[in-house]
Amino acid sequence: MELQEEKTLAETLQELLESRQYTLLRQTISEMNTVDIATAMGEMKEEDSLKMFRILPKDMAADVFADLELDNQQYIIRSLSDREASNIIDNLMADDATDLLEEMPANVVKRILANASPETRADINHLLRYPEDSAGSIMTVEYVDLREDMTVADAIERIRKKGVDSETINICYVVTRQKILVGTVALRYLLIMKPEEIIGDIMNTNVISINTMTDQEEAARMFQKYGFTAMPVVDNETRMVGIITIDDVVDILEEEATEDIEKMAAIVPSDKPYPKVGIFETYKNRIPWLLFLMVSATFTGAIITGFEDALSAYVVLTAYIPMLMDTGGNAGGQASVSIIRALSLKEIEFSDIFKIIWKEVRVAVLCGLTLSAANFLKLLFFDKIAISVAAVICLTLLIVVSIAKLVGCCLPMLASKVGFDPAVMASPFITTIVDALSLLVYFNIATHMLHLAV
């Protein structure tokens with residue numbers, strides 16, 4: 001199907017909807033990908049997206065609903081009758097249904113579950129009992145399990161019966177009657193084996209699994225490490241309770257990356273996309289750190305006031321305060337971002353701190369010498385200031401860059417050690433500390449080298 005290039009997909013569907021060409025609209029969306037339909041609905045007004053949803057063919061409705069943004073899902077669920085809403089929930093994967101219901105009011109959840117099938121209620125209640133951000137909370141309970149004593153023919157027949165309602169059938173999981181996970185077998189392997197082969201003889205017994213209480217970020221790292229598209233989730237007794245699939249991992253990585261970026265920018269993390277966050281909520285997310293950083297920045301003013309007499313003797317020193325503070329903040333920010341990233345990827349641990357300090361010291365000296373040499377030439381030939389003053393500025397620059405690199409690498413590691421998120425110790429926080437230290441170093445060096453009275 002070719003759409004008019006000058007119009008967006010949402011606009012084309014909107015026109016068909018407004019002109020009440022429902023037959024053509026239904027035919028058009030029946031030939032489209034469910035993700036594209038959901039994206040188009042997300043660009044419409046809520047009332048129009050609800051109309052679109054009611055026009056969808058029944059066999060597409062649940063798939064489109066699963067791809068909608070959370071606020072659109074909530075609006076549609078509230079607008080449907082109890083029976084219609086419960087039918088949608090019954091046709092969603094258990095993990096998607098749980099994610100939706102977790103964000104809805106208790107009275108709405110109660111109403112929907114009252115009309116849902118017993119199997120759906122059991123699956124959702126099972127997932128809701130796990131802590132937020134744990135592997136158990138994001139897994140799905142729809143998977144294909146096999147027994148060791150099955151033949152390949154029996155296994156394929158079970159896949160035919162159970163595979164329709166499963167998240168994935170590429171990998172099947174071999175469990176005992178007590179649900180203990182003992183192996184895995186790939187569907188493609190089953191297809192090339194003889195029908196009479198026994199599953200216990202051909203299964204892979206080297207199984208990598210995740211505990212239900214494992215943090216979701218750690219689960220995502222395991223996917224990255226082993227390159228899996230699905231991974232089994234087990235309880236403390238190695239009983240299989242569900243699987244996590246790669247689509248869930250992509251969502252986790254996006255969520256964690258967004259959270260780290262917001263923390264590094266001194267913003268309280270939000271679980272909503274930017275366009276969906278209201279003005280007052282945005283204000284609440286930003287103002288705590290702004291207040292903290294503003295108050296902490298008053299220390300730099302106090303330092304300048306303390307050296308006011310010294311500055312009056314060499315007013316030219318004042319002109320280079322911003323350069324020194326900015327360079328120190330930038331140097332500290334570079335180090336902190338590198339360390340925070342390495343910590344999040346488990347490339348380094350706290351036990352590596354002395355190796356990291358030694359590395360950053362050498363980097364700092366090289367960077368400081370380069371910056372000082374370039375700045376010294378600029379001060380002499382362009383700014384035309386005295387050699388003694390230029391020496392003070394350049395020596396300060398070397399020391400400030402070294403301190404900033406050390407602060408930038410040590411603070412995130414110390415934060416990680418005591419249980420804080422290293423991202424909190426990012427640029428804004430480190431810059432504030434480095435600014436104060438830069439001024440102390442600057443004025444003390446100037447006082448001694450230029451023999452200023454404090």
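Predicted model: local features only at pLDDT ≥ 70, side-chain atom pairs only at ≥ 80, totals over all residues.
Q: What's the bridge partner of Val 175 in β3?
A: Leu 181 in β3 is the bridge partner of Val 175.

Q: Switching to charges. How many salt bridges does the structure hold?
A: The structure holds nine salt bridges. In general, side chains of opposite charge can pair when their charged atoms come close.

Q: What does Lys 162 form a salt bridge with?
A: Lys 162 forms a salt bridge with Asp 145, and the closest N and O atoms are 3.0 Å apart. This pair links distant parts of the chain: Lys 162 sits in helix α12, residues 152-162, while Asp 145 sits in strand β1, and they are 17 residues apart.

Q: Is Asp 145 buried or exposed?
A: Asp 145 is buried, since its relative accessible area is 3%. Lys 162 counts as partly exposed, at 29% relative accessibility.

Q: Which ring does Lys 162 lie over?
A: Lys 162 lies over the face of Tyr 143, at 5.7 Å from the ring centre.

Q: Now helix α15. What does Glu 217 meet in a salt bridge?
A: The side chain of Glu 217 meets that of Arg 221 in a salt bridge, at 3.9 Å from N to O. The two residues are separated by about one helical turn because they are four residues apart in helix α15, residues 216-226.

Q: And what about Glu 218?
A: The side chain of Glu 218 also meets Arg 221 in a salt bridge, at 3.1 Å from N to O. Glu 218 and Arg 221 are three residues apart in helix α15, so about one helical turn separates them.

Q: Which residues do salt bridges with shared partners join into one network?
A: Asp 145, Arg 158, Lys 162 and Lys 179 are joined into one network that way.

Q: Last topic, aromatics. How many aromatic pairs are there?
A: The structure holds four aromatic pairs. One of them is Tyr 226 with Phe 228, which is stacked at 5.7 Å centre to centre, with 20° between the planes.

Q: Which other rings stack?
A: The rings of Tyr 442 and Phe 443 do: their centres are 5.6 Å apart and their planes are at 25°, so the pair is stacked.

Q: Why does that angle count as stacked?
A: Because planes under 30 degrees apart count as stacked, and the planes of Tyr 442 and Phe 443 are at 25°.

Q: Are Tyr 442 and Phe 443 buried or exposed?
A: Tyr 442 is buried, at 1% relative accessibility, and Phe 443 is buried, at 2%. As for the other pair, Tyr 226 is partly exposed at 35%, and Phe 228 is partly exposed at 30%.

Conventions. Residues numbered from 1 in each chain as written. Heavy atoms only, no water. Pairing = 2+ DSSP bridges. Salt bridge = Lys/Arg side-chain N within 4 Å of Asp/Glu carboxyl O. Buried < 20%, exposed > 50% of the residue type's maximum accessible area, 1.4 Å probe, protein only. Phe/Tyr/Trp six-rings, centres within 6.5 Å; stacked < 30°, edge-to-face > 60°. Lys NZ or Arg CZ within 6 Å of the ring centre and 35° of its normal.
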